[in-house]
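Take a moment to look over the structure below. Then follow the text with the model open beside you.

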Amino acid sequence: AGDLSKRFASDLRVRDGEKKKVAIVGGGLSGLACAKYLAEAGHEPIVLEARDVLGGKVSAWKDKDGDWIETGLHIFFGAYPNMMNLFAELDIEDRLQWKVHKMIFAMQELPGEFTSFDFIKGIPAPLNFGLAILLNQKMLTLPEKLQTAPPLLPMLIEGQDFIDKQDELSVQQFMRKYGMPERINEEVFISMAKALDFIDPDKLSMTVVLTAMNRFLNETDGLQMAFLDGNQPDRLCAPMVESITKNGGSVMTKQRLKEFVLNEDGSVKHLAMANGDIVEADEYISAMPVDVMKRMMPKKWGEIPHFAQLKELEGIPVINIHLWFDRKLKNVDHLCFSRSPLLSVYADMSTTCKEYYDEEKSMLELVFAPCSPIAGGKTNWIAKSNQEIVDATMLELERLFPLEIGPKSPDGVGARLLKHAVVKTPRSVYAAIPGRNKFRPSQETPIKNFTLAGDYTSQKFLGSMEGAVLAGKLAAEVVASRAKGKATQGLKPVQQSIINAIGPVSEP
Ligand code: FAD
């Protein structure tokens, strides 16, 4: 990660006549990262963001009381090299609030209680991971633990090759194929699948789980988690914007792309913006989500296999809920895996996050998943009203924490809900269902002045903040290399099935 960063200020740095004006559509983490590195290489990036707030899936805004509403509860991992590198480069590492190295799960049979995988300080990976699992007596029996290890060993021995090959299998199919105990699904994989991609394990590709595990097994602090110390637009996006503008780039909000206008040869002539403006540049980058990019795709490009493969990718719905209570709940200063059918992870932000700290009242931020049948759920929650979603969440919390919430608590009422906020993202990260990895396009495209960024593009992390930053960096590398006449990494080959479906076409 560090080596690629350094290249923008060294061998990819522009000399006379090489400087490019680069229009980047989308001001999420990927577009901002892309602009940051291009500006460091001496180019002139212009980020065009449709909304009045930056950050995309990490965007946040204040409600009428001045409380922050976030698009998503976001966790940073030690195994996020490009993200960690970015924090160091921006000199804002102190904004990451690292939590004790453990994973905390709500106990299914003992409401109100938690159990954890504890990573012992000083013990290197992968021993610390193995020990954390062995030492936990509450989730899996010893025979179950021993039965789980052998199917995962090839991941350590064969590495990425083995991991990539499992993309055609769902987590559940992998478990059955290799004889893993069924209970590990309920105990661990359901919460892991929901946390990683907001879907159930019968839908999630095994490659996703193995990729995450591999990182955590190889890096001693890989699974250590951090919360940002406040809202993402101020605490992370703003320093990125500062760095971009200091180095000659610019970032504009309320700039919605309406259409890519093409030249005869299929390259981009200019951007037609929704406000009627025309933006001309030497190079163009889409850092929009995959579902938007598909909608925006010029008809001519849809016949090119590289772009046709985007049809195979689709964003998954997810809901982020904020609940403000009238008192402080029994909580932990960490992320919790709820292991509930409706909820994924949650945290009491009044304890875990410096900016939201409140000594007297709790604010729970919860990820509601799966929330549609395509994600494995039974109900299409994304179509339900906010009140219905909050009611269902409260019932779930009464079940999980009967001593504090709801009629079973000592005073017969429990903590009172003061207010709530619900943020629905009908198309969030791409659904990592089996067989998708091969359709993730390289950042470089067959169009000579057009490059793709965004967490869904091909990079070794799935749809995540780390993936978004890395994809933005790789897109910047394509443009910066081209400007210097240097070889790029090349186009990722497209599956024959896509080429067959389109029929013969001549690529520009
Ligand atoms: P986006 O953030 O989607 O940015 C795309 C941008 O393009 C947006 O700002 C959008 O407004 C803009 N745009 C769209 N159309 C146009 C247009 N026509 N013109 C101009 N601009 C346009 N990741 C983690 O690593 N850890 C987590 O704990 C985590 N939790 C999450 C929880 C939730 C609820 C959600 C939704 C996501 C979570 N993620 C997490 C995933 C992470 O947020 C994303 O992977 C990442 O932020 C995606 O960044 P991006 O730049 O690729 O896309």
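What follows looks at a helix pair and then at salt bridges.

This is a predicted model, in which local features need pLDDT of at least 70 and side-chain atom pairs count only at pLDDT 80 or more, while totals for chains, interfaces and linings use all residues. Residues are numbered from 1 along each chain as its sequence is written, and side-chain values use heavy atoms, leaving out hydrogens and water.

Start with helix H2 (residues 29-40) and helix H3 (residues 81-89). Helices (H or I, at least four residues) and strands (E, at least two) are DSSP runs, numbered from the N terminus. The axes of H2 and H3 come within 13 Å and cross at roughly 55°. That makes H2 oblique to H3. Axes are lines fitted to C-alpha atoms, for helices over the stretch in contact, and angles run from 0 to 180 degrees between N-to-C directions. Angles under 35 degrees count as roughly parallel, over 145 as roughly antiparallel, 65 to 115 as roughly perpendicular, and the rest as oblique.

Which residues meet here? Leu29, Lys36 and Tyr37 in H2 meet Met83, Leu86 and Glu89 in H3 (contact means heavy atoms within 4.5 Å).

Now turn to the salt bridges. The structure holds 27 of them. A salt bridge is a side-chain nitrogen of Lys or Arg within 4 Å of a carboxyl oxygen of Asp or Glu.

One joins the side chains of Glu187 and Arg339, at 3.0 Å from N to O. Glu187 lies in helix H8 (residues 183-197), and Arg339 lies in the loop between strand E16 (336-337) and strand E17 (343-348), so the pair ties together parts that are 152 residues apart in sequence. Are these two residues buried or exposed? Both Glu187 and Arg339 are buried. Buried means under 20% relative accessible area, exposed over 50%, and partly exposed in between (1.4 Å probe, protein chains only).

Another salt bridge pairs Lys448 with Asp265, whose closest N and O atoms are 2.9 Å apart. This pair links distant parts of the chain, 183 residues apart. Lys448 is exposed, with a relative accessible area of 56%. Asp265 counts as partly exposed, at 36% relative accessibility.

Glu396 and Arg399 also meet in a salt bridge (3.4 Å, N to O). They sit 3 residues apart in helix H15 (residues 386-400), so about one helical turn separates them. Glu396 is buried, with a relative accessible area of 10%. Arg399 is partly exposed, at 42%. Elsewhere, salt bridges that share partners join Asp63, Lys64, Asp65, Asp67 and Lys419 into one network.
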